[in-house]
Each structure stands twice: as structure tokens, then as C-alpha cells.
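Subject: Handing over the structure

Dear colleague,

I am passing the structure on to you below, and after it I set out what was found. Please read the notes with the model open beside you.

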Amino acid sequence: MLRPGGSGQRFGKPRPGPAQPARDPRTRPRLARVPELPEVEALALDLRGRLQDRAIAQVHVAAFSALKTFDPPLSALEGTLVDDVTRHGKFLDIDASGLHVVLHLARAGWVRWRDEVPTTPPKPSTKSPLAVRIVLDDQSGLDVTEAGTRKSLAMYVVRDPADVPGIASLGPDPLTDDFTIDVLREILQREGRKQIKGVLRHQGTIAGIGNAYSDELLHAARMSPFKPASSLDDEELQTLYDAIRTVLGDAVARSRGLAASELKGEKKSHLAVHGRTGLPCPVCGDTVREVSFADSSLQYCPTCQTGGKPLADRRMSRLLK
Ligand SMILES: [Zn+2]
């Protein structure tokens, strides 16, 4: 058994070999950028203040792959008044007189507010990150952008948000009053032996938690990400429930009132383990480690979460079979 902090001294330098890839977290800021529940909630609040009671003049699509629907047509939005901007899980929903512009920002998507947008429609270009531009009646507007080449940003124009498949299948929202400890208990029992990390970030199980906040709230709960969902006793269940409400609630509270442009930095500066491989845990000082998980990787603190024992990289063991 390693002492608290001891493993950090011993394994501080990244080891060669695929089990612990030697990657500098500073070169991978992407991880911290994916907007999850708190950021999308803050974006919705920010945009509500700017868009409410304004009319949409035009919607321009520069990246046609982003638009996932064709009926109602984009032109149906012209002249509609924005009633509200809300969130469903990680989806942003602009309610324009009963029509809904739903955005899923995915990994590299973002929204930029502009006090004045150009009057000419943007030209489709593979070089520009601009995907969609929403122009308001006073020539202010929104640019929806997606950096990089992985085009996974999605926009839907629908009459009912539930027409978006990803919204129809969402699990309960963890910050609503309905999300009680009994709801969490039922979910974990139902998921059985599945690893808790995967259960938490699966949108159909619980809405809005992604790779970053699942790392963060498991760290706050001092729980191994590989713990089987149904194995939690009552005390662990209470700890996890409190961690979900506190970590997400605090992140929403900190983000509230911030403009879209400030949200990414705010999120990143408060992460304890996510995207911080090789850096000290702010709670105990041990070195934050990473293992592969599903299609990406997870970060955790061995001292806080796994009794000082590093987790085995399951992807490697699977490949070696
Ligand atoms: Zn720690």
C-alpha cells in the first residue's frame, strides 16, 4: 500500500509504454472545453438575457453538415420572437415563438455573441470555424462555431424539443428537485455491475454530465471510477448524491452571470482532476493519473479514490487478450 503522496513521488514522471501515456495535459486543453450541464446552463442564461424578446431576422448555415433537420425550414424562423433560451441535458434550446433551434455543441463547438454581425451571408468554407449565424433584428447576433476537423456540432429546427432524438432519450436532470437520492439509487441498481464512471456520463441515464464532471464528482465523492454501480452501500450512495448536487450546483453558481466568452476559463480553473494528468491533486497532493476509458480517458487521484492503488488500463488488457 502506498502512502498518501508517496505514489506521486514515485510515479511523478510519466512512464514509457501505453499503460500511462506520457502526454502533457497542457497540450490537451480540448478535454476541458466540452460544454457540460453547468456551461450549457450558463450559456442559456446569458443568451436568454440577450435574445429574449428580440426577433430573429435570418439564420445562415455555413457548415451544412451541422443542420440535422429540413422541416420546418430555416426560413420559418425569420421574423419570430425569441421567447426563452433553456437547456435539456447538454442541449441548448432557443424557443422562437414555438419553433425551437436546438444546438448540441459537442466537443469543439461554441457560441459567440456579437454586437454586430456582417450583413452579407457567410460563405461556406472549410477553413472558417463558423457553422451557423443567427442574425437578430438589430443586426446583433450569434455565431455558432466549431473548431477542428471533427464535425460533430449539431443544429435542429423542430416544433417540439422532444423531436430531437438525443433529447427524447435523456435521463433525469441531476439538478432538478425530482432528482432525489431514491432516483439515484434506482438508477444505480438498474445499471448493475456497470462501472460508475460510464453510468454517470451516459446521457440516457442521467442528463448533462460528461467526461469532465463525472471525473470531478467521483473525485469529490472519493470513489473509484471503476466501482460497479450497484455495489454502493447507503453511505456511499449519500456521498455520491451529495457530490453530484454540490459539484454541479457550485459550477452552475460560479458560471451564472458570466458571458459565453468567459465560461471555458472558469470551468478549467476549477477542475481538480479532469485534464490534469501529472499535476498534483488539490486535496492531497498525490499525482493525478489517467487511464483509458471507452472512447477517451479519465483522470483520478489514486490516494483520494482508489486507496493509493493505480488503476489498470483496461483497454490495453483487452487488446492483449
Ligand atoms: Zn487526492
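In which helix is His219 found? His219 belongs to helix α7, which covers residues 211–220; helices here are DSSP runs of H or I with at least four residues, strands are runs of E with at least two, and both are numbered from the N terminus.

Before going further, please keep in mind that this is a predicted model, in which local features need pLDDT of at least 70 and side-chain atom pairs count only at pLDDT 80 or more, while totals for chains, interfaces and linings use all residues. Residues are numbered from 1 along each chain as its sequence is written, and side-chain values use heavy atoms, with hydrogens and water left out.

His219 counts as buried because its relative accessibility is 6%, where buried means under 20% relative accessible area, exposed means over 50% and partly exposed lies in between, for a 1.4 Å probe and protein chains only. If its neighbours within four places in sequence are set aside, His219 is in contact (heavy atoms within 4.5 Å) with Ala272, Val273, Cys281, Val283, Cys301, Cys304 and Gln305.

Turning to the strands, β3 (residues 91–96) and β4 run antiparallel and are joined by six bridges; two strands are taken to pair if DSSP finds at least two bridges between them. Asp93 has Val102 in β4 as its bridge partner, and in the hairpin of β3 and β4, which has two residues between the strands, Ser97 takes a positive phi near 50 degrees. Strand β4 (residues 99–104) is also joined to strand β8 (residues 154–158), by five bridges and again in an antiparallel manner, with Val101 standing opposite Val157 in β8. Five of the six residues of β4 are buried, so that the strand is mostly covered.

There is also an open sheet of four strands, in the order β1-β6-β7-β5 and with antiparallel pairing. Because β1 (56–61) and β5 (109–114) stand at the edges with a single partner strand each, one side of each is left without a neighbour in the sheet. The twist averages 15 degrees from one strand to the next. Within this sheet, five bridges join β6 (residues 130–136) to β7 (residues 141–146), and Leu130 has Thr145 in β7 as its bridge partner. Helix α3 (residues 37–51) lies across β5, β6 and β7 and runs at about 30 degrees to β5, where axes are lines fitted to C-alpha atoms, for helices over the stretch in contact, and angles run from 0 to 180 degrees between N-to-C directions.

In strand β1 you will find Gln58, which is partly exposed because its relative accessible area is 33%. Apart from neighbours within four places in sequence, Gln58 is in contact with Glu78, Arg133, Ile134 and Val135. The C-alpha atoms of Gln58 and Thr80 are separated by 9.7 Å, with the two residues 22 apart along the chain.

Finally, helices α5 (residues 181–191) and α8 (residues 234–255) pack at an angle of about 115 degrees, with their axes 10 Å apart. That angle makes α5 roughly perpendicular to α8, a term that covers 65 to 115 degrees. Among the residues that meet are Ile181 and Leu184 in α5 and Leu237 and Tyr241 in α8.

With best wishes

Terms used. Angles under 35 degrees count as roughly parallel, over 145 as roughly antiparallel, 65 to 115 as roughly perpendicular and the rest as oblique.
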